[in-house]
Amino acid sequence: MTQLDESAKRALAWPADPETPVESCTPAQARLQYLDSFADIQWPLEDVAEMLESHVGAIRLKIWRGRAAPRQGAPALLYLHGGGFVIGAPETHEDICRTLANMAGAVVVSPDYRLAPEHPFPAAIDDCAATLFWMTDQADALGIDPLRIIVAGDSAGGNLAAVVALLARDGQVPAVIGQVLIYPVTDQSQASDSYLRYAEGFGLTAAAMKWFRDHYLPEAASGPDWRASPLSAASLAGVAPAFVILAGYDVLFDEGAAYAERLSLEAQATSRTWPGQIHGFVSKRRAIPDGQEALEAIAMAWRAMDPALAR
């Protein structure tokens, strides 16, 4: 078995004030703790050509235009932040959004979707869908090509991105030409072997995941719903091409790998595992160089999904 990467060990021991385990916090406490600490281990924010804020109803959006993005007809990315459906915001993942906007010469839009437990399943899905509708409706004002939108997200955001891609396949939201799923949540049963192998000691814990799930899905019967657990979807045929990123030392590894395998069999997908890495490594580039490599891999996968980027 591959050993835990030295950079992952460095990230796990990163000097910072000790944090209270999320499962011992109230949602409000967990949000404040995350907002106070997330930037310490992330790479400094890149300059972009433009940063804007907008709204879809009550949903706040952040928008970044990459330095090489054309003023009209630019490729676009709908980025859905992670945080277990309970914590996080566009700002907590702004480093990823800015970097991808520059790498692809694109416009990246990230919604501050509603969080549980105040707004449980499926409120976050509704907000992400509304954002995609808004992007297509406002394509001219945004300077994007509405036929060149990709959806992406990490962890809980990877779950939401997978769901949006399935909704797009079914014609319930506008079409997307690709999906990027970064260590996604795909099975709310939390019964895979990786929940035992990496239950604690590797950053994200099994106890934390249960805490997140119980806030997002207060009705246990919602768990098997494919919109909560996309791995349970009857078919993935016809869904947009996917690129799936996995971390080897992650409670979510098995469900992410299972979803990637189904995508490769039933649709079109590639996946890449960083076997010595931990959950969240893409956001921890100050300590983990593999995070930068993963973003470069996403940019390459994006070019394969959008041939116009290669011209």
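Helices here are DSSP runs of H or I with at least four residues, strands are runs of E with at least two, and both are numbered from the N terminus. The model is predicted, so local features need pLDDT of at least 70 and side-chain atom pairs count only at pLDDT 80 or more, while totals for chains, interfaces and linings use all residues. Residues are numbered from 1 along each chain as its sequence is written, and side-chain values use heavy atoms, with hydrogens and water left out.

Let's start with the pockets. A pocket is an open set of points on a 1 Å grid over the protein atoms alone, where a 1.4 Å probe fits and protein lies on both sides within 12 Å along at least five of seven lines; its lining residues have an atom within 4 Å of a point. Volume is the space filled by probe spheres set on the points, with grid points joined across faces, edges and corners.

The largest pocket holds about 1200 Å³ of space. Its lining runs to 40 residues, with Glu19, Tyr34, Gly203, Leu204 and Lys284 nearest the centre. Two or more lining residues come from each of α1 (6–12), α2 (27–37) and α8 (206–216), and α2 gives the largest share, four residues. Sorted by class, the lining has 20 nonpolar, 14 polar and six charged residues. For that sorting, Ala, Val, Leu, Ile, Met, Phe, Trp, Tyr, Cys and Pro are nonpolar, Asp, Glu, Lys and Arg are charged, and the others, Gly among them, are polar.

Now for the second largest pocket, at about 150 Å³. Residues lining this one include Pro241, Phe243, Gln268, Thr270 and Met305. The elements giving two or more residues are β7 (242–249), β8 (269–278) and α10 (290–305), with the largest share, three residues, from α10. What is the class make-up of this lining? It has seven nonpolar, two polar and no charged residues.

Next, pick out glutamate 94, in helix α3 (residues 94–104). Glutamate 94 is buried (under 20% relative accessible area), at 6%. Its side chain makes polar contacts (N or O atoms within 3.5 Å, one able to donate a hydrogen and the other to accept it; residues adjacent in sequence count only if both atoms are side-chain atoms) with the side chains of tryptophan 64 at 2.9 Å and arginine 98 at 2.8 Å.

Finally, which helix is largely enclosed by the rest of the structure? That's α6, because 13 of its 14 residues are buried.

Technical notes
Buried means under 20% relative accessible area, exposed over 50%, partly exposed in between (1.4 Å probe, protein chains only).
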